[in-house]
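Q: Please look closely at one part of this structure, and then relate that part to what surrounds it. I am new to the structure and would welcome a connected account.

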Amino acid sequence: MDPLEGRVSRTAVWTGADIEMREVPVPALCDGDVLVRVRLATVCGSDLHTVSGRRCGPVPSVLGHEGVGEIVAVGPHATSDVGERVVWSVTRVCHECDRCRSGRTAKCRSVTKVGHEPFTGPWPLSGTYSEYIVLPAGTELVPVPDLLPDVVAAPAACATATAAAVIDAAGYLEGRRVVVCGAGMLGVTAVAMCVEVGAEVAVLDVDARRTAWAERFGAVADEGGPVDVALDFSGSSEAIAALVPRLDIGGRLVLAGSVAPAAAVPVDPEAVVRGWLTISGVHNYEPRHLREAVAFLTRTVAVHPWAELVDAPVPLDVLGEVLHGGPGLRAAVAP
Ligand SMILES: [Zn+2]
Ligand SMILES: [Zn+2]
């Protein structure tokens with residue numbers, strides 16, 4: 001008999017207008033599936049944008065793509081162990097298409113994503129705002145070391161892993177002048193990563209409270225001079241346009257915040273040629289970036305006040321109250 005038969009998940013379903021609590025039957029696990037009981041989920045800014053109407057997604061759906069949980073059951077041929085505390089990637093990929101085989105699984109041709117799938121489709125329990133989440137084969141699971149509290153581990157799957165992918169794209173950073181534009185959870189995390197490898201990092205944000213957070217993680221206030229590396233998490237065309245002319249010879253600009261349509265940014269091709277400039281983009285990340293995220297948080301858990309970036313968790317029933325933002329950089333839910 002299926003040990004999950006009759007088990008239900010208390011799940012917060014986004015209807016397009018509000019959040020509805022539902023009791024959802026836990027499906028029988030397929031080949032490679034892993035069932036996780038969510039211990040803590042953090043609220044990424046993109047969910048705030050979905051709820052406020054700035055971003056489109058399937059309706060109804062279970063939102064939430066940052067979380068930490070415990071494996072409670074595994075399907076046939078799953079390689080993880082019951083009882084393990086884990087974080088998991090946002091993307092579920094095929095590992096077989098041309099893009100996956102070329103090392104760009106982030107853009108797998110059949111990618112599906114945690115917290116982005118229709119509730120009425122083949123993956124109803126896809127989001128972290130739920131007692132249980134099903135993680136199909138092709139989702140990367142990374143064990144969480146005991147010394148990493150849930151509150152520090154939860155943002156790994158989006159904020160920390162994406163920041164790790166941006167740092168990867170930024171190249172060699174030791175001794176480099178870096179400016180981080182946009183000091184939300186990703187920007188503050190990128191600041192800490194730059195500091196760890198010995199970069200001189202300045203921060204730029206329109207919100208003084210966020211700049212203050214980045215300064216606690218080792219950045220100085222930006223004074224506007226030339227830089228070797230600029231990392232943008234703001235997605236503001238105006239801010240990006242101001243970063244390009246600041247790039248010194250061999251400079252690199254990495255864009256990660258532009259995930260909604262925005263005004264085009266003028267680029268002077270002669271400046272790019274004569275300056276040996278590189279402008280690149282990062283969207284989603286590779287499995288290695290999630291592993292690096294967990295390793296980085298473990299190395300720095302005693303160095304930085306990570307837990308203070310996350311608000312005290314609320315119960316799932318009142319999720320709606322924190323989907324409009326909270327006092328910290330991340331709201332949290334304990335399903
Ligand atoms: Zn996110
Ligand atoms: Zn693929």
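This is a predicted model: local features need pLDDT of at least 70, side-chain atom pairs count only at pLDDT 80 or more; totals for chains, interfaces and linings use all residues.

A: Strand E1 (residues 8-14) and strand E2 (residues 19-25) pair in the antiparallel sense, with 7 bridges between them. E1 is mostly covered, since 5 of its 7 residues are buried.

Most residues other than glycine have a negative phi, and most peptide bonds are trans. The peptide bond from valine 59 to proline 60, however, is cis, with omega near -10°. Proline 60 belongs to the loop between helix H1 (45-52) and strand E4 (66-74). The loop between E4 and strand E5 (85-92) holds histidine 77, whose phi is positive, near 65°, although the residue is not glycine. Histidine 77 has 10 other C-beta atoms within 10 Å and is therefore exposed.

The account now turns to an open sheet of 6 strands, which has the order E11-E10-E9-E12-E13-E14 and parallel pairing. Its edges are strand E11 (220-221) and strand E14 (278-281), each of which pairs on one side only. Within this sheet, E12 and strand E13 (residues 247-255) run parallel and are joined by 5 bridges. Alanine 230 has leucine 253 of E13 as its bridge partner. Tryptophan 276 counts as exposed because it has 12 C-beta neighbours inside 10 Å.

Helix H4 lies across E12, E13 and E14, and runs at about 155° to E13. H4 also meets helix H9: their axes come within 8 Å and cross at roughly 105°. The two helices are therefore roughly perpendicular to each other. On the H4 side, the contact is made by Thr160, Ala161, Ala164, Ala165 and Asp168, while H9 contributes His289, Leu290, Glu292, Ala293, Phe296 and Leu297. By class, this contact comprises 7 nonpolar, 2 polar and 2 charged residues.

H5 is mostly covered, with 10 of its 12 residues buried. These buried residues are Met185, Leu186, Gly187, Val188, Thr189, Ala190, Val191, Ala192, Met193 and Cys194. They pack against helix H4 (159-170), helix H6 (208-216) and helix H9 (287-300), and also against strand E9 (177-181), strand E10 (200-204) and strand E12 (227-232). After H5 comes glycine 198, which has a positive phi near 85°.

Key:
Residues are numbered from 1 along each chain as its sequence is written. Chains are lettered from A and ligands numbered from 1 in the order in which they are written. A residue is buried if 20 or more other C-beta atoms lie within 10 Å of its own, exposed if 12 or fewer, and partly exposed in between; C-beta atoms are placed from the backbone. Helices (H or I, at least four residues) and strands (E, at least two) are DSSP runs, numbered from the N terminus. Two residues are in contact if their C-beta atoms, placed from the backbone, lie within 7 Å. Two strands pair if DSSP finds at least two bridges between them. Axes are lines fitted to C-alpha atoms, for helices over the stretch in contact, and angles run from 0 to 180 degrees between N-to-C directions. Angles under 35 degrees count as roughly parallel, over 145 as roughly antiparallel, 65 to 115 as roughly perpendicular and the rest as oblique. Ala, Val, Leu, Ile, Met, Phe, Trp, Tyr, Cys and Pro count as nonpolar, Asp, Glu, Lys and Arg as charged, and the others, Gly among them, as polar.
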